[in-house]
Amino acid sequence: MQKTYYDPADLKKFGKISEWNEELGKKFFDYYGKVFEEGALSEREKSLIALAVAHTIQCPYCIDAYTGDGLQRGITKEEMMEALHVAAAIRGGASLVHGVQMMNKVNKLEM
């Protein structure tokens, strides 16, 4: 297997991030846990959202975590792929809409 910058084993060390600042680490994990509790959205829906966001921000740890979490929650590979395409469309659209800034600058400079 090819070695990469991201070590999948590091995902299991996520909880250790509190070791160097227990107060802030505890606050983060309390918040994180609360966010993923059942609410107006189900835990399943939140997992699918997290998977799409993970792809958008390109976090391999999050992709691993929420792919596994989603499978445990009964999310199908088809649902995962559809969510990924939604994320890709939003990411692509965000890149394109920033083109308006370029167009505005060109129009201003051409005056």
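Student: Where does Q58 lie?

Tutor: Q58 sits in the loop between α2 (43-57) and α3. Before we go on, note that this is a predicted model, in which local features need pLDDT of at least 70 and side-chain atom pairs count only at pLDDT 80 or more, while totals for chains, interfaces and linings use all residues. Residues are numbered from 1 along each chain as its sequence is written, and side-chain values use heavy atoms, with hydrogens and water left out.

Student: Why is Q58 called exposed?

Tutor: A residue is called buried under 20% relative accessible area, exposed over 50%, and partly exposed in between (1.4 Å probe, protein chains only). Q58 has a relative accessible area of 56%, and therefore it is exposed.

Student: What is the phi of Q58 near?

Tutor: The phi of Q58 is near 60°, which is a positive value in a residue other than glycine. Most residues other than glycine have a negative phi.

Student: How many helices and strands does the protein have, and what makes a run count as one?

Tutor: Helices are DSSP runs of H or I with at least four residues, strands are runs of E with at least two, and both are numbered from the N terminus. By that rule the protein has five helices and zero strands, and the elements run α-α-α-α-α from the N terminus on.

Student: Why is D69 called buried?

Tutor: D69 lies in helix α3 (residues 60-72), and its relative accessibility is 17%, so D69 counts as buried.

Student: What makes the pair of D69 and R73 a polar contact?

Tutor: A polar contact is a pair of N or O atoms within 3.5 Å; within protein, one must be able to donate a hydrogen and the other to accept it, and residues adjacent in sequence count only if both atoms are side-chain atoms. The side chains of D69 and R73 make such a contact at 2.9 Å.

Student: Why does E45 count as partly exposed?

Tutor: E45, which is found in helix α2, has a relative accessibility of 39%, and so it counts as partly exposed. A polar atom of the E45 side chain also lies 2.7 Å from the backbone nitrogen of S42.

Student: Is S18 buried or exposed, and why?

Tutor: S18 is in the segment before α1 (22-35), and at 13% relative accessibility it counts as buried, because 13% is under the cut-off of 20%.

Student: Which residues does S18 touch?

Tutor: Contact means heavy atoms within 4.5 Å, and S18 touches G25, K26 and F29, not counting residues up to four places away in sequence.

Student: Why is V97 called exposed?

Tutor: V97 has its place in helix α4 (residues 77-97), and with a relative accessible area of 52% it is exposed, because 52% is over the cut-off of 50%. V97 and C62 are 35 residues apart in sequence and 27 Å apart in space, C-alpha to C-alpha.

Student: What radius of gyration does the protein have, and what would a compact globule have?

Tutor: The radius is taken over C-alpha atoms, and the globule rule is 2.2 Å times the number of residues to the power 0.38. A compact globule of 111 residues would have a radius of gyration near 13 Å, but the protein has 19 Å.
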